[in-house]
Amino acid sequence: MNKFTLGMLILVLLFTSSCITSQKVVYVEDMKSDTLYRVANLPPLRIQKNDRIKIEISAKNPELAIPFNAGVGSYSMNEAGHISSTSQTAMDGYLVDEYGNISFPILGTLHVENKTVEELKQMLQKRLKDERYIDEPIVKAELINLKIVMMGEVGSVGVLTVPDSRITLLEALARSGGLTNNATADRVAVIREENGERIKIYTDIQSNDLFDSPAFYLKQNDIVYVEPKAAERSIREERTWRYFTTVLGSVTLIFSVINLFK
């Protein structure tokens, strides 16, 4: 093997190794130090069909609250003397049916779809007071089925359960092990259900614009899908490889002709 052939083989090895070298994803890499960025307000979650809502009613007089906490449960008293009951129904939550309603003790069918949790609490307090069931009702309500589906090029594919009903896109990615080396960081898709329809929102997590994205704060039943770049990279590398081999073949032919004349 002559020096020219050996040099060509070394060059080929260097080129192919550079093609398969992966790069780490840098999050919000365009953020500048010592620069203030506006913090977007956390949008309130709105109740959707098939959500589960945990509702607890309490009052100074425990007997008044018992009928509104269906099922057999336990009772507790806080420092202010308020007694609350926790029933099995409250623990499991009230399921929002296909019409956007829940079936609540005594008050009957309540339409809760598209209401925020705070609006639901205010509605229950008003009904209990106006209909003279409880003069000073204390209502606690929260969503208990906030789940995010993580798919695609993340460290751990699966379903995230969010107990405090608040999670950002960055937090969800971190809890899923971050992005893989094959992830397309500028095309992180969030598939969301809104008003009976689905919408796909693309976000570039390498840009600080993600903080203003409607997908920065995730909602119940969101699907986060990180697209792979393998196909795109393979096409680009194939074109580069074809160009390189063409140039290499031409150079080899030239040197062969030169050596032949020598």
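The following legends describe close-up views of a predicted protein model.

Because the model is predicted, local features need a pLDDT of at least 70 and side-chain atom pairs count only at pLDDT 80 or more, while totals for chains, interfaces and linings use all residues. Residues are numbered from 1 along each chain as its sequence is written, and side-chain values use heavy atoms, with hydrogens and water left out.

**Figure 1. Overall composition of the protein.** The secondary structure comprises six helices and twelve strands. Helices (H or I, at least four residues) and strands (E, at least two) are DSSP runs, numbered from the N terminus. Of the 262 residues, 33% count as buried. Here, buried means under 20% relative accessible area, exposed means over 50%, and partly exposed lies in between (1.4 Å probe, protein chains only). A contact means heavy atoms within 4.5 Å. Among contacts between residues at least 6 apart in sequence, 62% join residues at least 24 apart.

**Figure 2. The surroundings of Asn 101.** Asn 101 belongs to strand E5, which spans residues 101-104. With a relative accessible area of 14%, Asn 101 is buried. Its side chain makes a polar contact of 2.8 Å with the side chain of His 111. A polar contact is a pair of N or O atoms within 3.5 Å; within protein, one atom must be able to donate a hydrogen and the other to accept it, and residues adjacent in sequence count only if both atoms are side-chain atoms. Leaving aside residues up to four places away in sequence, Asn 101 touches Leu 95, Val 96, Thr 109, Leu 110 and His 111.

**Figure 3. Aromatic pairs.** A search of the whole structure finds four aromatic pairs. The rings of Tyr 94 and Phe 104 have centres 5.3 Å apart and planes at 45°, so this pair is tilted. The pair links distant parts of the chain, since Tyr 94 lies in strand E4 (residues 94-95) and Phe 104 in strand E5, ten residues apart. Both Tyr 94 and Phe 104 are buried. The rings of Phe 211 and Phe 216 also have centres 5.3 Å apart, but their planes stand at 70°, so that pair is edge-to-face. For these terms, rings of Phe, Tyr and Trp (its six-membered ring) pair if their centres lie within 6.5 Å; planes under 30 degrees apart count as stacked, over 60 as edge-to-face and the rest as tilted. Phe 216 is buried, with a relative accessible area of 10%. Ring pairs link Phe 211, Phe 216 and Tyr 217 into a cluster.

**Figure 4. Tyr 94 and Arg 52.** Tyr 94, in strand E4, has a relative accessible area of 5% and is therefore buried. Although Tyr 94 and Arg 52 are 42 residues apart along the chain, their C-alpha atoms are separated by 5.3 Å.

**Figure 5. Arg 187, Tyr 202 and Gln 206.** Arg 187 lies over the face of Tyr 202, at 4.1 Å from the ring centre. A charge sits over a ring if NZ of Lys or CZ of Arg is within 6 Å of the ring centre and within 35 degrees of the ring normal. Gln 206 and Arg 187 are 19 residues apart in sequence, and the distance between their C-alpha atoms is 9.8 Å. Gln 206 is found in the loop between E11 and strand E12 (223-228). Its relative accessible area is 22%, so Gln 206 is partly exposed.

**Figure 6. The largest pocket.** The largest pocket has a volume of about 380 Å³. Of the 19 residues that line the largest pocket, the closest to its centre are Gln 48, Glu 193, Glu 194, Asn 195 and Gly 196. Strand E10 (183-194) and strand E11 (197-203) are the elements that give two or more residues to the lining. On a 1 Å grid over the protein atoms alone, a pocket is an open set of points where a 1.4 Å probe fits, with protein on both sides within 12 Å along at least five of seven lines; lining residues have an atom within 4 Å of a point. Grid points are joined across faces, edges and corners, and a volume is the space filled by probe spheres set on the points.

Figure 7. Asn 50 is found in the loop between helix H1 (3-19) and strand E1 (52-59). Asn 50 has a positive phi of about 75° although it is not a glycine, and at 56% relative accessibility it counts as exposed. Pro 44 is found in the loop between H1 and E1 and, at 49% relative accessibility, counts as partly exposed. Ile 106, in the loop between E5 and strand E6 (108-111), has a positive phi of about 70° although it is not a glycine.
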